[in-house]
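Let's walk through this one in questions and answers. Have the model open while you read.

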Amino acid sequence: MSETIETSSETITLTIDGQEIQAKAGQTILQAAQKNGIYIPTLCALHASKENGLKSDIAPGTCRICTVRVNGRTMAACTTPVAQDYIVENDTEELNDLRKTIVELLFVEGNHFCPSCEKSGSCDLQALAYRYQMLSPRFHYAFSSREVNAESPKLLFDRNRCILCRRCVLAITTEDGKQLFGFTKRGDKSGIIMDEELVKNISEEQAQQAMHICPVGAIIRKEKGFDTPFGQRKYDHNPIGSETVCTTCNGEKS
Ligand code: SF4
Ligand code: SF4
Ligand code: FES
């Protein structure tokens, strides 16, 4: 499992969807694609930026929405390093249907009532459902009933919307490296737990960061969820995947 990524200066040439691109050795296929303005969907991987408070990219490799075909084999783009002459298929009917299936599974596995969710309009899962034109999921709803924790003075944590991506586990730490969120158990008992003491004392900035890095509405900063009104939220302006990468800054987002 790749979590942070080191790169070197060696140049690699590969092809994504028939487009020849250059990448640095040690980069993942996802990073190489992002630098070249090629969209590969993500839910767990996150590009480092000032906005999300990350100094380096994270790639927990948990969601598989970034699945591509590399020389004919399916691989996760966010954890697979580039290699010379790789032929990568990304935007194909087969892979997009696989991605739609993953989105559907995530919807039925939790409780996602978008009209009543504070993240609606800024939610990556919802935006991907629009992208892949999900109407009614092909699977049965699990009707999960998980604990909602509102004890922290600054955060509301609704496990019914959590997709177990683990972004919060990797990204939200104290200065001395203690994790505020952790992963517990396996299979259908798995879940995210909070360190009650650390979360009780979470700073304003970290509470904001936690809400921001959560791709769905599982972590909501109390009294702040509705700061941006509907109609002005992230995906109210442009659908997911429409972002382009600035070639003059070599894809580095501020
Ligand atoms: S987390 Fe996203 S998909 Fe789930 S209810 Fe909220 S807006 Fe909808
Ligand atoms: S709480 Fe949010 S960031 Fe953390 S694992 Fe769940 S969905 Fe991912
Ligand atoms: S974005 Fe690659 S596995 Fe989640």
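Contact here means heavy atoms within 4.5 Å. Helices (H or I, at least four residues) and strands (E, at least two) are DSSP runs, numbered from the N terminus. This is a predicted model, where local features need pLDDT of at least 70, side-chain atom pairs count only at pLDDT 80 or more, and totals for chains, interfaces and linings use all residues. Residues are numbered from 1 along each chain as its sequence is written, chains are lettered from A and ligands numbered from 1 in the order in which they are written, and side-chain values use heavy atoms, with hydrogens and water left out.

Q: Which helices are included in what covers the buried residues of H3?
A: Buried means under 20% relative accessible area, exposed over 50%, partly exposed in between (1.4 Å probe, protein chains only). Six of the eight residues of H3 (residues 124-131) are buried, so this helix is largely enclosed by the rest of the structure. The buried ones are Asp124, Leu125, Gln126, Ala127, Leu128 and Ala129. Their cover includes helix H2 (93-109), helix H4 (167-171) and helix H7 (234-237).

Q: How many residues of the shell around ligand 1 are nonpolar?
A: A residue is near a molecule if one of its heavy atoms lies within 4 Å of it. Around ligand 1 that gives Phe107, His112, Phe113, Cys114, Cys117, Ser120, Cys123, Leu125, Val216 and Gly217. Ala, Val, Leu, Ile, Met, Phe, Trp, Tyr, Cys and Pro count as nonpolar, Asp, Glu, Lys and Arg as charged, and the others, Gly among them, as polar. The shell has three polar residues, no charged ones, and the nonpolar count is seven.

Q: How many charged residues are in the shell around ligand 2?
A: 14 residues surround ligand 2, the closest being Cys162, Cys165, Arg166, Cys168 and Cys214. Twelve of the shell are nonpolar and none polar, leaving the charged ones at two.

Q: Which side chain makes a polar contact with the side chain of Asn149?
A: Asn149 sits in strand S6 (residues 148-149), and at 4% relative accessibility it counts as buried. A polar contact is a pair of N or O atoms within 3.5 Å; within protein, one must be able to donate a hydrogen and the other to accept it, and residues adjacent in sequence count only if both atoms are side-chain atoms. At 3.2 Å, the partner is Glu196.

Q: Is Asp91 buried or exposed?
A: Asp91 lies in the loop between strand S5 (87-89) and H2. With a relative accessible area of 52%, Asp91 is exposed.
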